[in-house]
Amino acid sequence: MKRSKLGRADLLTELLYLTPQLLLFVGLTLLPFVVSIPIVFTDKVDYLDTETSFIWFQNFVNVFRPPIVNSFLPALLRTVVFTGVNYFTTFLFAVPIALVMYELAQTLLKQVFFVIVYLPLMISGVGLGMIITMLFSQDTGSLNLLLLRLGILESAIDIQSPDVMFMLPFAVGWRYAGQNMALILAGLLTIPAQSIEAAIIDGANYVQRLVRIYIPQIMSSVLVVTIFTLIGSFGMVDELIGLGGLTSNRNAEFLSIVILKFGFGGSGESRPGALSEGVAINLIVYVPLLIVGILILRKQIRRQLDT
Amino acid sequence: MGSAVSTLAVRRRRKKPRISAARLILHALLVLYALISLVPFYFLAIRTFVPTRLATQFWATLPPQEEANLDASILAFAQNYGLSTRALRERYGVDDFVRTNWSLRRFAEEYQIDETEFREFLRPYVNYSGWLNIAMDRQYLRSLLATIFVVVVGVGGCALLSTATASVLAKFSRRYHRIVYSTYLLQTIIPPIMILLPLYLIITRGLGLQNSYFALILNNWKGGALPILLFTTFVRTIPKDINEAVIMEGGTHHTYFFRIVLPLSRPAMAAFIAIRTPRFWNELLYGFVFLNPRRYTLAPLIASKIGTFVTNFQLVYSALCFSLIPIIVLYLFFNKLFINAQLAGSIKG
């Protein structure tokens, strides 16, 4: 009896410490899912719309019909292409830098390099979009103008064209190079020194060590980077706003921008669709993504809990 | 590279690292990457001094000083360089309504202003319109202060709440500890845009926090995967004996938290602040959605300067620089802390 009272008191104290943040987390991260479910079955036009009626699954049908499909599918295609290229460039930047950092001894140059490689992370997403515009705007882009002057380019790169799907991943890879490098480097640092020593003594060259030791060892980090890249690419907003996705640049209209326009796109003709249709797009795209994320993350969580 | 490049483990045993061709090439590649990385920052700094009129030319260095074109209309000058008619009236003691369709020359003639003096007055507008506008427009300072407030209160509060949460979860002694911990980790796979539309309803209708900085602060306080992971891992490094000793001496969880966990958590808090500050400093989406333009924090304020048809590039790039300078200075001061936090966070993740 006494023990159970003590246990209850402990539990109450624990809840006192847990509840404030947990309430906020549940209320502002998980509850929004629940709130969005009734909206998707109504014809709610915007946040001020109070006269709504249930239309059941009509919103899911509407997003695949004109005029919504005309903005939804191209945006989905742009997002998917961007995600693919972004996945490639993420590793293009992170893996070589991590491997070089792993091989080199601690020198002043290495320290300075660390400082510089993280510097782009200080730029905001919208700032990154603006920097891409500053460098590659067709008329005013500094690098465009330089490359044209040097004769390296025959015609200027145009960030208002589909080129943006390929330009943006490089800029994003540059911005997150430090963060992703750290994740890969963390994997490399777990390799037992004896394994490498033994491989060197056995005459294994760098490529053999890379294939047989380094790459298998960083697979767990690759998984983490994959989750971040996948979710980050589909949810990217700030960079696209910086590229004019909300205003004049149609090619920077990825899924997230379409959803943002459906939710906050003003009223009347300027609104591309109803809020409820935006929520339907949200559920169609992100729920499958969430399931994939949970499946990948489950293993990681189990590993965390076991350690 | 071959085996000429030794590994970290082997190298640790050597007193002096061997200088090989492979090592030199690696260093050269690092220098090259670092220089390429700095190019955008260099161009950004230069572009803040390039008038929008000259933006279609390539500038590797600062452009020469420009003279104001007095034949331009006051309206065109105001649009391109941010000159306000109030500044004109105040400077030259004009009580009348300023006719913006007049040319600057006609304005000078009408009010008998010396042309040389008038050109001197207009020179900063032509050459440094971005920085001048930022200095004269109070919204930038207001926005900077708002950003500092949101970041300090948001990150500080999140660190404190997450430490409290971690002090309980780190025990992993009850089944629900694991469930709550896993729930927090779920946050890594939820894109903010996915929950934005319903979140807007909860924040504005449910909590009545439309146009309040607390809408942003609460979104920081709610925590998530990173703080819970970081602080739980840290609290678990505190020997269990200490907690048991506290309880044996009649202390409670409050004693353990305030006397042991909080004072020992300083390194974890420093790491958390180092990682989280740049992210919250640059937060755009929540500021954009929850605040009115007059109360924007820095990121949404800068985003609002991108025009549909007309963009004052000099102002946009100066504003971007203005928002970057404080965070870069902070980063350069605390770079070791930031880098260590990133690496430690990656290893723990």
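Trainee: How many residues does helix α8 of chain A have, and how far does it reach from its first C-alpha to its last?

Mentor: This is a predicted model, where local features need pLDDT of at least 70, side-chain atom pairs count only at pLDDT 80 or more, and totals for chains, interfaces and linings use all residues. Residues are numbered from 1 along each chain as written, chains are lettered from A in written order, and side-chain values use heavy atoms, without hydrogens and water. Helices are DSSP runs (H or I, at least four residues), with an expected span of 1.5 Å times one less than the number of residues. Helix α8 (residues 177-188) has twelve residues and reaches 16 Å, close to the 16 Å expected.

Trainee: Is α8(A) buried or exposed?

Mentor: Buried means under 20% relative accessible area (1.4 Å probe, protein chains only). Eleven of the twelve residues of α8(A) are buried, so the helix is largely enclosed by the rest of the structure. Among them are A:N180, A:M181 and A:L188.

Trainee: What area is buried between chain A and chain B?

Mentor: Buried area is the accessible area (1.4 Å probe) lost on putting two parts together, summed over both. Here it is about 10000 Å², with 75% from carbon and sulfur atoms. A:Y17, A:Q21 and A:M122 supply 9% of the area that chain A buries against chain B, more than any other three residues.

Trainee: How many salt bridges does the rule find across this interface?

Mentor: The rule asks for a side-chain nitrogen of Lys or Arg within 4 Å of a carboxyl oxygen of Asp or Glu. It finds two. A:E14 and B:K171 form a salt bridge at 3.4 Å, N to O. On chain A's side, helix α1 (residues 2-40) gives the most, with 24 residues.

Terms used
Helices (H or I, at least four residues) and strands (E, at least two) are DSSP runs, numbered from the N terminus. Buried means under 20% relative accessible area, exposed over 50%, partly exposed in between (1.4 Å probe, protein chains only).
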